[in-house]
Amino acid sequence: MPGIPGIALWYHEAMNPTHTSKQQIDREAIPSLYLHVPFCASICYYCDFARQIYRRETVDAWLKAIQTELESVQPSHSLETIYIGGGTPSSLSEDQLETLLCLLDSYRTETKEYTVELNPETVSEEKLNCLKRHGVNRLSIGIQSGDEALLARMNRKHTKADIHRLVVQINACGFSNISMDLIYGLPNETMKQVEADLNYVLDLKPTHLSLYSLSIEPGSVFGKQGVQPIDEDLEAEMYESIVRRLLQEGYEHYEVSNFARPGKQSIHNRNVWQYKDFIGIGYGAWGKEGNVRYDHAGSLQAYLKNPCYREKVLLSDLERQFETLMMGLRLSEGVFLKQYQEQFGCLPADTFPVSIAKGIRRGYLEEEKDMLRCTGQGMELLNSILVEFMEEAEV
Ligand code: SF4
């Protein structure tokens, strides 16, 4: 997750990095930090994230660059949330993981939620103990499937035995807030396999589940192999069936693709969906500070040479209004209209009157008690709804 979960950047324009001066940014007020670890033990066939195969010397150089960037950025020492994603953070060796977590220690004194992503085949008891020592209190595990043939089809290197060993170790270490990722819509996958996968993951008793439908990205191995996406109707049927089952099991469907036990919604991801500012550290991460969104140099090598360089995009008022809706409508509670009005001096219906009226008329959007939100059907069609917003206001 390179910065914002579940959202692709819809437009990008590099701006002069001196555009916003340091004085304009109050980093003490920024509640969240995302750090991207761009290394993996192997490459999954569906992946086109910023990542490369783990090499010890490269990671050592990267750790120095991360230290330089953190010293220059100076995040708040009372961050509410820290999220280390990737890539595969657990692909780092034990000593490298220790070094990375030490770099973040001084920023976590008041952190409520500290998440690290793990892949089952790269975790050891020592690494879990190291996470525990440094205050990590939430783990996000890339399970993806419990079907070994599907795992192999995706070039995932873990087995069910690895998953079970990890779950035992996690429990022994005392971690209790566990998120798991599940992919559906794989080539030739059937409804029966989706149901079996879901049963498998539910038996592992995660407190949080993130659901991804397979998307075939041109830069991924699947894209290069010409793998075709599954039928759209079947994919929608799979999504609806998973949602139904998870609701029956007592999970809250709090975001388009995310489900949580009561009290276990991700604070970090909610901050991002509520369009709060967050600091992005490392090649592959992006962040948002005020009206500036940024990412880092275009390659790992360039990042290692100049870790403090950020490519910035200055967001107009209209773009920020659109992005507030793009993110906020993903959440089941939707967007707080009062907050929106305080921030922009108008309501969404002033800027997007036709699309909002149409969305309400068709039963995709609803306004209630100072909130604008998607209905269940609207959540499934959110991308098309947003395209109408964009076209109406020419964002
Ligand atoms: S999906 Fe995750 S683990 Fe697989 S190659 Fe991409 S970043 Fe690495």
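Predicted model: local features only at pLDDT ≥ 70, side-chain atom pairs only at ≥ 80, totals over all residues.
Ground rules. Local features need pLDDT of at least 70, side-chain atom pairs count only at pLDDT 80 or more, and totals for chains, interfaces and linings use all residues. Numbering starts from 1 along each chain as its sequence is written, and side-chain values use heavy atoms, without hydrogens and water.

The ligand. Around it sit Cys 40, Ser 42, Ile 43, Cys 44, Tyr 46, Cys 47, Phe 49, Gly 87, Thr 88, Asn 119 and Arg 156 (a heavy atom within 4 Å). That shell has 6 nonpolar, 4 polar and 1 charged residues. Tyr and Cys count as nonpolar here, Gly as polar.

Now the helices, taken as DSSP runs of at least four residues; strands need at least two. H11 is 317-328, H12 is 337-344. Their axes, fitted to C-alpha atoms over the stretch in contact, come within 11 Å and cross at roughly 165°. So H11 runs roughly antiparallel to H12 (over 145 degrees, on a 0 to 180 scale). The crossing is right-handed (near helix turned clockwise from the far one by less than a right angle).

Who touches whom? From H11: Asp 317, Arg 320, Gln 321, Thr 324 and Leu 325. From H12: Tyr 340, Gln 343 and Phe 344. Contact means heavy atoms within 4.5 Å.

Pairing takes at least two DSSP bridges. E16 and E17 (371-374) share 4 bridges. Leu 365 stands opposite Cys 374.

Notes
Parallel < 35°, antiparallel > 145°, perpendicular 65-115°, else oblique.
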